[in-house]
Amino acid sequence: MRAWQPLALAPLLDPAIEALVYRAPQTLLQWVQRFGSPLNIVWPGILEKNVATFRAAERRHAVRMDLYYGAKVNKSQALVRAAVEAGIGVDVSSEYEMRDALRAGARASQLVATGPAKTERFHRALFEGGALISVDSAEEFAPLRSLALNAATGRKLRVLLRLRPASAAASRFGAGAEDCAVALRALAELRGHIDFEGFHFHLGGYDVESRAQAVRELADLVDEARRLGLAPQTIDIGGGLPIRYVDSAQYDAFLRSQVAAHYRNGKVPASFYPYGGRLDAGEWLDLLLESPCRDRQPIARWLNVQGLRLAVEPGRSLADQAAISVFRIARVKALAGGRHVVFVEGSSFSACETWFASEFLLDPILVSTGRSVQGPHRAYIAGHSCLDEDVISNRLIAFEAAPQAGDLLVYANTAGYQMDLLENEFHRHPPPRRVAARVDAAGAIDVSTDDDRE
Ligand SMILES: *Cc1c(COP(=O)(O)O)cnc(C)c1O
(Lines give C-alpha, C1' and ligand atoms only; values in the text may rest on other atoms or scores of the structure.)
Protein backbone atom coordinates (compact mmCIF):
# COMPACT_ATOMS: atom_id res chain seq x y z
CA MET A 1 0.00 0.00 0.00
CA ARG A 2 1.24 3.52 -0.66
CA ALA A 3 0.11 7.09 -0.52
CA TRP A 4 0.71 9.06 -3.68
CA GLN A 5 1.87 12.64 -3.71
CA PRO A 6 -0.70 14.73 -5.54
CA LEU A 7 0.45 16.81 -8.48
CA ALA A 8 -0.95 20.31 -8.71
CA LEU A 9 -1.99 21.47 -5.25
CA ALA A 10 -0.18 19.37 -2.69
CA PRO A 11 -1.66 20.09 0.75
CA LEU A 12 0.75 21.34 3.39
CA LEU A 13 0.76 18.73 6.14
CA ASP A 14 1.60 18.78 9.81
CA PRO A 15 4.48 16.30 10.39
CA ALA A 16 2.26 14.01 12.51
CA ILE A 17 -0.31 13.78 9.72
CA GLU A 18 2.33 13.34 7.06
CA ALA A 19 3.78 10.43 9.07
CA LEU A 20 0.38 8.76 9.29
CA VAL A 21 -0.62 9.21 5.65
CA TYR A 22 2.71 8.41 4.03
CA ARG A 23 4.34 6.03 6.49
CA ALA A 24 1.40 4.22 8.04
CA PRO A 25 -1.37 4.23 5.44
CA GLN A 26 -2.47 0.75 6.58
CA THR A 27 -3.39 2.29 9.95
CA LEU A 28 -5.66 4.73 8.14
CA LEU A 29 -7.27 1.88 6.25
CA GLN A 30 -7.88 -0.04 9.48
CA TRP A 31 -9.50 3.00 11.07
CA VAL A 32 -11.82 3.45 8.11
CA GLN A 33 -12.73 -0.24 8.32
CA ARG A 34 -13.49 0.18 11.99
CA PHE A 35 -15.31 3.53 11.96
CA GLY A 36 -16.63 3.79 8.41
CA SER A 37 -16.32 6.32 5.63
CA PRO A 38 -15.98 9.21 5.62
CA LEU A 39 -13.91 9.35 8.77
CA ASN A 40 -13.03 12.68 10.35
CA ILE A 41 -9.81 12.52 12.33
CA VAL A 42 -9.11 15.48 14.60
CA TRP A 43 -5.74 16.26 16.18
CA PRO A 44 -6.17 18.10 19.49
CA GLY A 45 -2.40 18.41 19.92
CA ILE A 46 -2.20 20.46 16.74
CA LEU A 47 -4.72 22.98 18.03
CA GLU A 48 -2.56 23.33 21.13
CA LYS A 49 0.46 23.99 18.89
CA ASN A 50 -1.54 26.70 17.13
CA VAL A 51 -2.27 28.36 20.46
CA ALA A 52 1.50 28.48 21.04
CA THR A 53 1.92 30.36 17.74
CA PHE A 54 -0.43 33.05 19.00
CA ARG A 55 1.35 33.19 22.34
CA ALA A 56 4.64 33.73 20.53
CA ALA A 57 3.15 36.75 18.71
CA GLU A 58 1.92 38.05 22.06
CA ARG A 59 5.48 37.88 23.42
CA ARG A 60 7.06 39.42 20.30
CA HIS A 61 4.91 42.50 20.68
CA ALA A 62 4.76 42.56 24.48
CA VAL A 63 0.99 42.97 24.40
CA ARG A 64 -1.53 41.24 26.63
CA MET A 65 -3.68 38.93 24.57
CA ASP A 66 -6.88 37.02 25.36
CA LEU A 67 -7.58 34.19 22.97
CA TYR A 68 -11.03 32.73 22.43
CA TYR A 69 -11.43 29.66 20.25
CA GLY A 70 -14.21 30.37 17.71
CA ALA A 71 -16.07 27.15 18.48
CA LYS A 72 -18.40 27.22 15.47
CA VAL A 73 -15.53 26.26 13.18
CA ASN A 74 -15.83 22.56 14.03
CA LYS A 75 -18.21 20.35 16.03
CA SER A 76 -15.42 18.39 17.72
CA GLN A 77 -15.57 18.27 21.48
CA ALA A 78 -11.91 17.16 21.58
CA LEU A 79 -10.89 20.41 19.88
CA VAL A 80 -12.89 22.51 22.36
CA ARG A 81 -11.24 20.56 25.16
CA ALA A 82 -7.80 21.15 23.63
CA ALA A 83 -8.50 24.90 23.58
CA VAL A 84 -9.58 24.89 27.21
CA GLU A 85 -6.61 22.75 28.22
CA ALA A 86 -4.31 25.17 26.43
CA GLY A 87 -5.67 27.80 28.80
CA ILE A 88 -7.67 29.90 26.35
CA GLY A 89 -11.29 30.98 26.33
CA VAL A 90 -14.06 30.03 23.93
CA ASP A 91 -16.18 32.23 21.64
CA VAL A 92 -19.68 30.74 21.82
CA SER A 93 -22.67 31.70 19.70
CA SER A 94 -25.33 29.37 21.03
CA GLU A 95 -26.30 27.74 24.30
CA TYR A 96 -25.08 24.45 22.83
CA GLU A 97 -21.62 25.79 22.12
CA MET A 98 -21.67 27.18 25.65
CA ARG A 99 -22.69 23.80 27.09
CA ASP A 100 -19.87 22.08 25.20
CA ALA A 101 -17.30 24.60 26.39
CA LEU A 102 -18.39 24.12 30.01
CA ARG A 103 -18.35 20.35 29.51
CA ALA A 104 -14.77 20.70 28.26
CA GLY A 105 -13.85 22.32 31.55
CA ALA A 106 -14.07 26.02 30.72
CA ARG A 107 -15.31 28.40 33.38
CA ALA A 108 -18.21 30.54 32.18
CA SER A 109 -16.09 33.62 32.88
CA GLN A 110 -13.68 32.40 30.14
CA LEU A 111 -16.41 32.60 27.50
CA VAL A 112 -17.29 35.43 25.18
CA ALA A 113 -20.67 35.26 23.46
CA THR A 114 -21.03 36.75 20.01
CA GLY A 115 -23.77 36.68 17.40
CA PRO A 116 -26.64 39.02 16.54
CA ALA A 117 -29.66 37.03 17.70
CA LYS A 118 -28.89 35.50 21.08
CA THR A 119 -32.01 34.16 22.75
CA GLU A 120 -33.31 35.18 26.15
CA ARG A 121 -32.37 31.76 27.53
CA PHE A 122 -28.85 32.13 26.20
CA HIS A 123 -28.57 35.65 27.66
CA ARG A 124 -29.69 34.38 31.03
CA ALA A 125 -27.22 31.47 31.06
CA LEU A 126 -24.39 33.78 30.06
CA PHE A 127 -25.30 36.34 32.68
CA GLU A 128 -25.71 33.80 35.45
CA GLY A 129 -22.37 32.20 34.60
CA GLY A 130 -20.53 35.51 34.42
CA ALA A 131 -19.60 35.22 30.72
CA LEU A 132 -18.69 38.22 28.63
CA ILE A 133 -21.41 39.26 26.16
CA SER A 134 -20.72 41.17 22.96
CA VAL A 135 -23.78 43.38 22.49
CA ASP A 136 -24.67 43.59 18.83
CA SER A 137 -27.22 46.39 18.81
CA ALA A 138 -29.45 48.72 20.80
CA GLU A 139 -32.16 46.13 20.21
CA GLU A 140 -30.07 43.47 21.94
CA PHE A 141 -29.08 45.88 24.68
CA ALA A 142 -32.70 46.49 25.79
CA PRO A 143 -33.41 42.99 27.15
CA LEU A 144 -29.90 42.71 28.59
CA ARG A 145 -30.44 45.94 30.45
CA SER A 146 -33.61 44.60 32.06
CA LEU A 147 -31.84 41.38 32.92
CA ALA A 148 -29.10 43.33 34.71
CA LEU A 149 -31.51 45.71 36.46
CA ASN A 150 -33.70 42.89 37.71
CA ALA A 151 -30.92 40.64 38.91
CA ALA A 152 -31.56 39.43 42.41
CA THR A 153 -27.98 38.43 43.12
CA GLY A 154 -26.26 41.75 42.67
CA ARG A 155 -24.20 40.12 39.94
CA LYS A 156 -23.06 42.55 37.25
CA LEU A 157 -23.50 41.96 33.54
CA ARG A 158 -20.19 41.95 31.61
CA VAL A 159 -20.39 43.45 28.12
CA LEU A 160 -18.44 44.49 25.07
CA LEU A 161 -20.00 46.73 22.43
CA ARG A 162 -19.78 45.39 18.90
CA LEU A 163 -18.77 48.07 16.43
CA ARG A 164 -19.82 47.92 12.81
CA PRO A 165 -16.65 49.32 11.24
CA ALA A 166 -17.01 51.90 8.46
CA SER A 167 -15.63 49.37 5.96
CA ALA A 168 -18.67 47.16 6.64
CA ALA A 169 -21.33 49.88 6.56
CA ALA A 170 -23.92 47.60 4.92
CA SER A 171 -23.38 44.71 7.34
CA ARG A 172 -26.18 43.53 9.64
CA PHE A 173 -23.68 42.86 12.44
CA GLY A 174 -22.74 45.40 15.08
CA ALA A 175 -23.63 49.06 15.61
CA GLY A 176 -22.20 52.14 13.93
CA ALA A 177 -19.83 54.43 15.85
CA GLU A 178 -22.58 56.95 16.65
CA ASP A 179 -24.85 54.27 18.05
CA CYS A 180 -21.93 52.94 20.10
CA ALA A 181 -21.42 56.44 21.53
CA VAL A 182 -25.10 56.54 22.52
CA ALA A 183 -24.76 53.11 24.16
CA LEU A 184 -21.74 54.34 26.12
CA ARG A 185 -23.85 57.08 27.70
CA ALA A 186 -26.42 54.49 28.79
CA LEU A 187 -23.66 52.24 30.12
CA ALA A 188 -22.19 55.14 32.11
CA GLU A 189 -25.52 55.45 33.91
CA LEU A 190 -25.79 51.73 34.53
CA ARG A 191 -22.35 51.34 36.06
CA GLY A 192 -23.82 49.85 39.22
CA HIS A 193 -25.33 47.00 37.19
CA ILE A 194 -23.20 46.55 34.09
CA ASP A 195 -19.44 46.26 33.66
CA PHE A 196 -18.49 47.70 30.29
CA GLU A 197 -15.25 45.91 29.38
CA GLY A 198 -14.49 47.25 25.91
CA PHE A 199 -15.20 46.93 22.21
CA HIS A 200 -15.53 44.13 19.70
CA PHE A 201 -15.72 43.79 15.95
CA HIS A 202 -15.49 40.90 13.51
CA LEU A 203 -15.07 41.39 9.78
CA GLY A 204 -15.41 39.11 6.81
CA GLY A 205 -12.40 38.67 4.56
CA TYR A 206 -8.83 38.17 5.63
CA ASP A 207 -7.00 41.47 5.11
CA VAL A 208 -5.10 43.23 7.86
CA GLU A 209 -5.84 46.80 6.83
CA SER A 210 -9.61 46.69 7.42
CA ARG A 211 -8.91 45.51 10.99
CA ALA A 212 -6.26 48.20 11.55
CA GLN A 213 -8.76 50.79 10.32
CA ALA A 214 -11.41 49.42 12.69
CA VAL A 215 -8.98 49.72 15.62
CA ARG A 216 -8.36 53.35 14.64
CA GLU A 217 -12.12 53.93 14.65
CA LEU A 218 -12.24 52.48 18.15
CA ALA A 219 -9.54 54.83 19.45
CA ASP A 220 -12.03 57.71 19.59
CA LEU A 221 -14.66 55.54 21.24
CA VAL A 222 -12.14 54.45 23.87
CA ASP A 223 -11.51 58.13 24.66
CA GLU A 224 -15.21 58.83 24.75
CA ALA A 225 -15.78 55.91 27.15
CA ARG A 226 -13.09 57.23 29.49
CA ARG A 227 -14.57 60.73 29.41
CA LEU A 228 -17.81 59.19 30.60
CA GLY A 229 -16.05 57.52 33.51
CA LEU A 230 -16.08 54.01 31.99
CA ALA A 231 -13.01 51.78 32.06
CA PRO A 232 -12.57 49.86 28.79
CA GLN A 233 -9.97 47.08 29.09
CA THR A 234 -10.32 45.06 25.90
CA ILE A 235 -10.26 45.52 22.14
CA ASP A 236 -11.62 42.32 20.59
CA ILE A 237 -10.77 42.08 16.90
CA GLY A 238 -12.79 38.91 16.21
CA GLY A 239 -11.45 36.22 13.90
CA GLY A 240 -10.69 35.91 10.21
CA LEU A 241 -6.95 35.28 10.55
CA PRO A 242 -5.75 33.42 7.48
CA ILE A 243 -4.21 30.01 7.14
CA ARG A 244 -2.12 28.59 4.35
CA TYR A 245 -3.26 25.29 2.88
CA VAL A 246 -0.81 24.98 -0.01
CA ASP A 247 2.55 26.45 -0.99
CA SER A 248 2.08 30.08 -2.10
CA ALA A 249 4.17 29.91 -5.27
CA GLN A 250 2.50 26.65 -6.32
CA TYR A 251 -0.89 28.21 -5.66
CA ASP A 252 -0.18 31.34 -7.70
CA ALA A 253 1.05 29.18 -10.58
CA PHE A 254 -2.09 27.08 -10.33
CA LEU A 255 -4.38 30.12 -10.43
CA ARG A 256 -2.54 31.55 -13.41
CA SER A 257 -2.80 28.35 -15.39
CA GLN A 258 -6.30 27.15 -14.61
CA VAL A 259 -8.94 27.15 -17.33
CA ALA A 260 -12.58 26.12 -17.55
CA ALA A 261 -11.66 22.74 -19.03
CA HIS A 262 -10.03 21.82 -15.71
CA TYR A 263 -13.50 21.56 -14.16
CA ARG A 264 -16.06 18.85 -14.83
CA ASN A 265 -18.74 21.51 -15.27
CA GLY A 266 -16.58 23.75 -17.46
CA LYS A 267 -16.69 26.56 -14.90
CA VAL A 268 -13.88 28.13 -12.92
CA PRO A 269 -15.49 29.33 -9.66
CA ALA A 270 -15.60 33.11 -9.32
CA SER A 271 -13.80 33.19 -5.98
CA PHE A 272 -11.71 31.06 -3.69
CA TYR A 273 -10.47 31.22 -0.15
CA PRO A 274 -6.82 32.41 -0.40
CA TYR A 275 -5.52 28.84 -0.02
CA GLY A 276 -1.96 29.80 -0.82
CA GLY A 277 -1.93 33.19 0.91
CA ARG A 278 1.37 34.76 1.84
CA LEU A 279 0.54 35.24 5.53
CA ASP A 280 -0.09 32.78 8.31
CA ALA A 281 -1.84 33.84 11.50
CA GLY A 282 1.38 34.81 13.32
CA GLU A 283 2.58 36.98 10.43
CA TRP A 284 -0.87 38.51 10.10
CA LEU A 285 -0.82 39.48 13.78
CA ASP A 286 2.67 40.98 13.34
CA LEU A 287 1.38 43.18 10.54
CA LEU A 288 -1.70 44.22 12.47
CA LEU A 289 0.20 45.07 15.66
CA GLU A 290 2.77 47.06 13.67
CA SER A 291 0.10 48.96 11.72
CA PRO A 292 -0.19 52.62 12.61
CA CYS A 293 -2.84 53.65 15.07
CA ARG A 294 -3.22 57.14 16.47
CA ASP A 295 -0.30 59.56 15.89
CA ARG A 296 1.29 56.81 13.81
CA GLN A 297 2.19 54.80 16.90
CA PRO A 298 1.88 51.08 16.19
CA ILE A 299 -1.31 49.40 17.38
CA ALA A 300 0.72 47.31 19.87
CA ARG A 301 2.06 50.48 21.48
CA TRP A 302 -1.32 52.20 21.47
CA LEU A 303 -2.85 49.19 23.25
CA ASN A 304 -0.13 49.22 25.89
CA VAL A 305 -0.21 52.98 26.42
CA GLN A 306 -3.97 52.72 26.86
CA GLY A 307 -3.68 49.70 29.17
CA LEU A 308 -5.84 47.64 26.78
CA ARG A 309 -5.81 43.92 26.17
CA LEU A 310 -6.10 42.54 22.66
CA ALA A 311 -8.74 39.81 22.38
CA VAL A 312 -8.75 37.56 19.31
CA GLU A 313 -11.38 34.94 18.39
CA PRO A 314 -9.73 32.71 15.83
CA GLY A 315 -11.74 29.81 14.51
CA ARG A 316 -10.14 28.63 11.30
CA SER A 317 -6.59 29.61 12.24
CA LEU A 318 -6.68 27.73 15.56
CA ALA A 319 -8.02 24.71 13.71
CA ASP A 320 -5.26 24.89 11.08
CA GLN A 321 -4.14 21.31 10.29
CA ALA A 322 -6.25 19.99 13.17
CA ALA A 323 -8.30 17.49 11.13
CA ILE A 324 -8.28 15.35 8.02
CA SER A 325 -11.27 13.77 6.31
CA VAL A 326 -10.81 10.33 4.83
CA PHE A 327 -13.17 8.94 2.20
CA ARG A 328 -13.16 5.37 0.93
CA ILE A 329 -13.69 5.03 -2.79
CA ALA A 330 -16.90 3.20 -3.64
CA ARG A 331 -16.62 3.10 -7.41
CA VAL A 332 -14.63 4.59 -10.27
CA LYS A 333 -16.57 5.14 -13.46
CA ALA A 334 -15.31 6.02 -16.93
CA LEU A 335 -16.95 8.98 -18.65
CA ALA A 336 -16.70 10.41 -22.14
CA GLY A 337 -13.46 12.06 -23.19
CA GLY A 338 -11.18 9.88 -21.11
CA ARG A 339 -12.40 11.40 -17.87
CA HIS A 340 -13.46 9.51 -14.79
CA VAL A 341 -15.65 10.15 -11.82
CA VAL A 342 -14.59 8.79 -8.45
CA PHE A 343 -17.60 8.07 -6.22
CA VAL A 344 -16.76 8.02 -2.54
CA GLU A 345 -18.60 6.59 0.45
CA GLY A 346 -19.63 9.94 1.80
CA SER A 347 -20.90 13.20 0.45
CA SER A 348 -19.97 16.78 -0.25
CA PHE A 349 -21.69 17.75 2.99
CA SER A 350 -18.38 16.60 4.48
CA ALA A 351 -15.73 18.78 2.74
CA CYS A 352 -18.40 21.18 1.66
CA GLU A 353 -16.82 24.11 -0.15
CA THR A 354 -18.60 23.38 -3.44
CA TRP A 355 -21.88 24.30 -1.71
CA PHE A 356 -20.53 27.87 -1.48
CA ALA A 357 -20.07 28.14 -5.26
CA SER A 358 -16.36 27.60 -4.78
CA GLU A 359 -13.93 24.72 -4.46
CA PHE A 360 -11.58 23.32 -1.81
CA LEU A 361 -8.37 23.76 -3.76
CA LEU A 362 -6.28 20.99 -2.24
CA ASP A 363 -5.60 17.78 -4.04
CA PRO A 364 -6.86 14.77 -2.13
CA ILE A 365 -4.10 12.27 -1.38
CA LEU A 366 -4.73 8.82 -2.82
CA VAL A 367 -3.97 5.94 -0.50
CA SER A 368 -3.77 3.00 -2.82
CA THR A 369 -4.57 -0.49 -1.59
CA GLY A 370 -2.26 -2.16 -4.02
CA ARG A 371 -3.49 -3.01 -7.44
CA SER A 372 -2.74 0.48 -8.71
CA VAL A 373 -2.32 1.14 -12.40
CA GLN A 374 0.15 3.90 -13.23
CA GLY A 375 -1.51 7.18 -14.32
CA PRO A 376 -1.89 9.90 -15.28
CA HIS A 377 -5.54 9.72 -14.62
CA ARG A 378 -8.00 12.62 -14.47
CA ALA A 379 -11.09 12.39 -12.35
CA TYR A 380 -13.46 14.52 -10.39
CA ILE A 381 -14.70 13.41 -6.98
CA ALA A 382 -18.39 12.86 -6.30
CA GLY A 383 -20.40 11.90 -3.26
CA HIS A 384 -22.67 8.88 -3.10
CA SER A 385 -25.99 10.72 -3.22
CA CYS A 386 -28.43 11.23 -6.07
CA LEU A 387 -27.93 15.00 -6.20
CA ASP A 388 -26.08 16.21 -9.26
CA GLU A 389 -24.55 18.92 -7.04
CA ASP A 390 -23.05 16.34 -4.68
CA VAL A 391 -19.48 16.85 -5.84
CA ILE A 392 -16.53 17.26 -3.51
CA SER A 393 -14.03 18.34 -6.19
CA ASN A 394 -15.39 19.64 -9.48
CA ARG A 395 -11.82 20.07 -10.55
CA LEU A 396 -10.42 17.17 -12.55
CA ILE A 397 -7.70 15.90 -10.27
CA ALA A 398 -4.61 14.48 -11.98
CA PHE A 399 -3.82 11.23 -10.19
CA GLU A 400 -0.47 9.53 -10.66
CA ALA A 401 -2.11 6.15 -10.27
CA ALA A 402 -5.62 5.16 -11.22
CA PRO A 403 -7.82 5.21 -8.10
CA GLN A 404 -9.63 1.93 -7.39
CA ALA A 405 -12.64 0.97 -5.32
CA GLY A 406 -11.48 0.42 -1.74
CA ASP A 407 -8.67 2.98 -1.97
CA LEU A 408 -8.80 6.03 0.26
CA LEU A 409 -8.85 9.70 -0.56
CA VAL A 410 -7.49 11.94 2.18
CA TYR A 411 -8.57 15.56 2.24
CA ALA A 412 -6.14 17.41 4.48
CA ASN A 413 -6.79 20.41 6.70
CA THR A 414 -10.56 20.12 6.81
CA ALA A 415 -11.04 21.24 10.43
CA GLY A 416 -11.86 24.82 9.46
CA TYR A 417 -15.52 24.70 8.36
CA GLN A 418 -14.97 22.10 5.60
CA MET A 419 -15.46 18.99 7.66
CA ASP A 420 -18.87 19.22 9.27
CA LEU A 421 -20.54 22.59 8.65
CA LEU A 422 -23.18 21.06 6.38
CA GLU A 423 -23.09 17.55 7.82
CA ASN A 424 -26.52 15.90 7.81
CA GLU A 425 -28.19 12.54 7.36
CA PHE A 426 -29.24 12.83 3.73
CA HIS A 427 -30.34 9.45 2.33
CA ARG A 428 -30.44 8.42 6.02
CA HIS A 429 -26.74 7.74 6.02
CA PRO A 430 -25.57 8.12 9.61
CA PRO A 431 -23.37 11.19 10.16
CA PRO A 432 -19.65 10.47 9.72
CA ARG A 433 -17.76 9.31 12.76
CA ARG A 434 -15.22 11.57 14.37
CA VAL A 435 -12.16 10.31 16.19
CA ALA A 436 -9.32 12.10 17.95
CA ALA A 437 -5.74 11.09 17.21
CA ARG A 438 -2.93 11.63 19.67
CA VAL A 439 0.75 10.91 19.23
CA ASP A 440 2.63 9.99 22.42
CA ALA A 441 6.23 10.87 23.29
CA ALA A 442 7.48 7.64 21.73
CA GLY A 443 5.74 8.48 18.45
CA ALA A 444 2.96 5.90 18.83
CA ILE A 445 -0.40 7.00 17.58
CA ASP A 446 -3.61 6.37 19.45
CA VAL A 447 -7.16 7.03 18.40
CA SER A 448 -10.33 7.47 20.47
CA THR A 449 -13.89 8.31 19.54
CA ASP A 450 -14.83 11.98 19.62
CA ASP A 451 -18.56 11.82 19.04
CA ASP A 452 -21.53 10.68 21.07
CA ARG A 453 -21.66 7.20 19.57
CA GLU A 454 -19.95 4.07 20.72
C1 LIG B 1 -16.99 33.19 12.89
C2 LIG B 1 -16.51 34.18 13.88
C3 LIG B 1 -15.20 34.10 14.36
C4 LIG B 1 -14.18 33.11 13.82
O5 LIG B 1 -13.84 33.43 12.50
P6 LIG B 1 -12.65 32.64 11.74
O7 LIG B 1 -12.68 33.21 10.37
O8 LIG B 1 -12.97 31.21 11.78
O9 LIG B 1 -11.39 32.97 12.47
C10 LIG B 1 -14.81 34.98 15.36
N11 LIG B 1 -15.67 35.91 15.85
C12 LIG B 1 -16.93 36.02 15.39
C13 LIG B 1 -17.82 37.07 15.98
C14 LIG B 1 -17.40 35.17 14.39
O15 LIG B 1 -18.64 35.30 13.95
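F356 is partly exposed in this predicted model, with a relative accessible area of 44%. F356 sits in the loop that runs between β12 (340-345) and β13 (365-368). Together with W355, L387, L421 and F426, F356 makes a nonpolar surface patch of about 420 Å².

**Helix α8: length and sides**

- Helix α8 covers residues 177-189, and its 13 residues should span 18 Å at 1.5 Å a residue. The C-alpha atoms at its ends are 19 Å apart, which agrees.
- Which residues of α8 are buried? They are C180, A181, A183, L184, L187 and A188. These residues cover an arc of only 160° around the axis, so they lie on the same side of α8.
- A helix of this kind has 3.6 residues a turn, which means that residues three or four places apart point the same way.
- E178 and E189 are exposed, and they are carried by the face of α8 turned away from its buried side.
- What covers the buried residues of α8? The cover includes the helices α7 (138-149) and α9 (209-227), along with the strands β7 (157-162) and β8 (194-200).

**Helix α2 and what follows**

- Helix α2 takes in residues 25-35, and its buried residues include P25, T27, L28 and L29. W31, V32 and F35 are buried in α2 as well.
- Just after α2 comes G36, with a positive phi of about 95°.
- S37 and P38 are joined by a cis peptide bond, with omega at about -5°. P38 belongs to the loop between α2 and β2 (39-42).

- H427 is not a glycine, yet its phi is positive, at about 60°. H427 lies in the loop between β16 (408-411) and β17 (433-439).
- R428 is another residue other than glycine with a positive phi, here near 65°. R428 is also found in the loop between β16 and β17.
- R428 has a relative accessible area of 78%, so it counts as exposed, the cut-off for that being over 50%.

Key: Residues numbered from 1 in each chain as written. Predicted model: local features only at pLDDT ≥ 70, side-chain atom pairs only at ≥ 80, totals over all residues. Heavy atoms only, no water. Helix = DSSP H or I, 4+ residues; strand = E, 2+ residues; numbered from the N terminus. Expected span 1.5 Å × (residues − 1). Buried < 20%, exposed > 50% of the residue type's maximum accessible area, 1.4 Å probe, protein only. Arc of directions from axis to C-beta. Contact = heavy atoms within 4.5 Å. Patch = residues over 30% accessible without salt bridge, like charges linked within 9 Å, V, L, I, M, F, W, Y side chains within 5 Å. Areas by Shrake-Rupley, 256 points an atom, 1.4 Å probe, with all protein chains shown as cover. Salt bridge = Lys/Arg side-chain N within 4 Å of Asp/Glu carboxyl O.
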